[in-house]
Amino acid sequence: MKRKAIYPGTFDPITNGHLDIITRAARIFEQIILAIADNPKKNTMFSLQEREHLAQETVKHLPNISVIKYSNLLVNFAKEQKVHILIRGLRTVSDLEYEKKIAAINHLLAPDIESVFFMTTTQYTYLSSSLIKEVAQHGANVQKLLPTPVYQAFKLRFLMNTDC
Ligand code: ADP
């Protein structure tokens, strides 16, 4: 049975690791909301509007994905959207430890909402938005790790040397 799901995150910015999870999930779920968190406590590099725009551009070839910003409690946002499944990605044991806690609190708050986990594809195990931002600031070419619209945004921001 195909269902709706939400893939929430900061997506600062969306990477090929996120895109891999979304693409695989899009084959399983009928409809997926890529939910961009407005978390003012997180000092994001890209504004909420920029993160939303980059995500929209990245997933526009996938017809069953929509991008929505949210600023309330995730389980309340899920209820508003009438969605009962949350997708998260797992890379490492530390992700697992962290995600277990988030899933547990969400289950406590909303027992009818399930978290489901996708294991990362091996090549993206060490890929994170924060790592990309770190190396890109020092001029590294991160083209292979980013969707094209995101790479273009990085180039504009850091005036990267595309030959490196
Ligand atoms: P958050 O701040 O909510 O952790 P992120 O944008 O960093 O937001 O990540 C959103 C989700 O995507 C998390 O479940 C994270 O573990 C997962 N994720 C991030 N990068 C990857 C990757 N390279 N492979 C698989 N999952 C990933």
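I checked who lines the largest pocket: H4 (93-109) gives the largest share, eight residues. E1 (4-9), H1 (16-26), E4 (85-90), E5 (114-119) and H5 (129-137) also supply at least two each. Helices (H or I, at least four residues) and strands (E, at least two) are DSSP runs, numbered from the N terminus.

The model is predicted, so I kept the limits in mind: local features need pLDDT of at least 70, side-chain atom pairs pLDDT 80 or more, while totals for chains, interfaces and linings use all residues. Residues are numbered from 1 along each chain as its sequence is written, and side-chain values use heavy atoms, without hydrogens or water.

Next, the lining residue by residue. I found 42 of them, with Gly 9, Thr 10, Lys 42, Arg 88 and Tyr 98 nearest the pocket's centre. A pocket here is an open set of points on a 1 Å grid over the protein atoms alone, where a 1.4 Å probe fits, with protein on both sides within 12 Å along at least five of seven lines; lining residues have an atom within 4 Å of a point.

Then the cores, meaning buried (under 20% relative accessible area, 1.4 Å probe, protein chains only) Ala, Val, Leu, Ile, Met, Phe, Trp, Tyr and Cys joined through side-chain atoms within 4.5 Å. The largest has 35 residues, and Leu 34 and Ile 87 have the most contacts inside it. H1 gives the most to this core, five residues.

Technical notes:
Buried means under 20% relative accessible area, exposed over 50%, partly exposed in between (1.4 Å probe, protein chains only).
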